[in-house]
Amino acid sequence: MPFTLPKLAYEYTALEPFIDSQTMQIHHTKHHQTYVDKLNEAIAKHPELANNKVEELLADNLKIIPDDIKTAVRNHGGGHLNHSFFWELLAKDKPISDNLKKIIEKQFESFDKFKEEFSNAALTRFGSGWVWLVLTKDKKLKIYSTANQDSPLMQGDKPLLGLDVWEHSYYIKWTSNRKGYVENWWNVVNWEQVEKSYNSK
Ligand SMILES: [Fe+2]
């Protein structure tokens, strides 16, 4: 099978108390695994696609994907890509550098305003989805949310920071309190990883 569940670089307990280990374990071994399995099921129907990276499958609004598996690849390919990206963005004690902070401040007036706008997008996303900080094709930083498992890569934007706001990412600990989840998540943003993405081609 072409796609596999990536191993995490840390223990499920590593993000406590901000993100609880039970949520991490279920989110990784159940939810993410299901996206991987269902993506593989879809691709098995078109083995000519098996050597593509998931980014290539989703590019240009899934241009290369045949109609009969388009929805499955959009949902499960997106789920696999987004979660693989999300795990790498979580760490304790990876504060933002002065350099990246200045870049964000230039676009959003202040770092606090950036956080406020991002959090607000997370709290107002109706239903399941993600919130993103992206670098657009014309090199602007932008915050927006997507529904379900849609990735900014589908429209050619480069994700730098992403937050999963599906209920499965917080309901065990926070039940309906998405605000508590978002506020705590800020403590485990791996800003080194964000900067790495910003500087990547
Ligand atoms: Fe998730």
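How are the donor residues of the iron ion spaced in sequence? The spacing is H-x55-H-x80-D-x3-H. The views below come from a predicted model.

**View 1. The iron site has four protein donors.** His-27, His-83 and His-168 each donate through NE2. Asp-164 donates through OD. These donors lie 1.9 to 2.1 Å from the iron ion. Angles among the four donor atoms run from 92 to 130°, and the site is tetrahedral. Ideal angles for four tetrahedral donors are 109.5 degrees.

**View 2. Two iron donors, His-83 and Asp-164, join a helix and a strand.** His-83 sits in helix H3, and Asp-164 sits in strand S3, so the pair ties together parts that are 81 residues apart in sequence. His-83 is buried, at 0% relative accessibility. Asp-164 is also buried, at 0%.

**View 3. The largest pocket lies between domain 1 and domain 2.** Domain 1 spans 21-88 and domain 2 spans 98-199. Both give residues to the lining, so the pocket lies between them. Its space is about 490 Å³.

**View 4. The lining of the largest pocket counts 22 residues.** Nearest the pocket centre lie Leu-81, Ser-84, Phe-85, Glu-88 and Gln-193. Helix H3 (67-88), strand S3 (158-164) and helix H8 (191-199) each supply at least two lining residues. H3 gives the largest share, six residues. By class, eleven lining residues are nonpolar, seven polar and four charged.

**View 5. A cis peptide bond runs from Glu-16 to Pro-17.** Its omega is near 0°. Pro-17 belongs to the segment before helix H1 (21-44). Most peptide bonds are trans.

**View 6. Asp-93 has a positive phi.** The value is near 60°, in a residue other than glycine. Most residues other than glycine have a negative phi. Asp-93 is in the loop between H3 and helix H4 (98-108). This residue is exposed, with a relative accessible area of 71%.

**View 7. Thr-175 also has a positive phi, though it is not a glycine.** Its phi is about 40°. The loop that holds Thr-175 runs between helix H6 (171-174) and helix H7 (178-185). Thr-175 counts as partly exposed, because its relative accessibility is 42%.

**View 8. Leu-57 is a buried residue of helix H2.** The helix covers residues 54-62. Leu-57 has a relative accessible area of 0%. From Leu-57 to Tyr-170 the separation is 113 residues in sequence and 29 Å in space, C-alpha to C-alpha.

Notes: Residues numbered from 1 in each chain as written. Predicted model: local features only at pLDDT ≥ 70, side-chain atom pairs only at ≥ 80, totals over all residues. Heavy atoms only, no water. 1 Å grid on protein atoms, 1.4 Å probe; cavity = no way out; pocket = protein on both sides within 12 Å on 5 of 7 lines; lining within 4 Å. Points joined across faces, edges and corners; volume = space filled by probe spheres on them. Helix = DSSP H or I, 4+ residues; strand = E, 2+ residues; numbered from the N terminus. Nonpolar A, V, L, I, M, F, W, Y, C, P; charged D, E, K, R; others polar. Domains from an automatic or database assignment. Donors = N, O, S within 2.8 Å, 3.2 Å for Na, K, Ca; no water. Tetrahedral: all angles 85-135°; square planar, octahedral: opposite > 155°, others 65-115°. Buried < 20%, exposed > 50% of the residue type's maximum accessible area, 1.4 Å probe, protein only.
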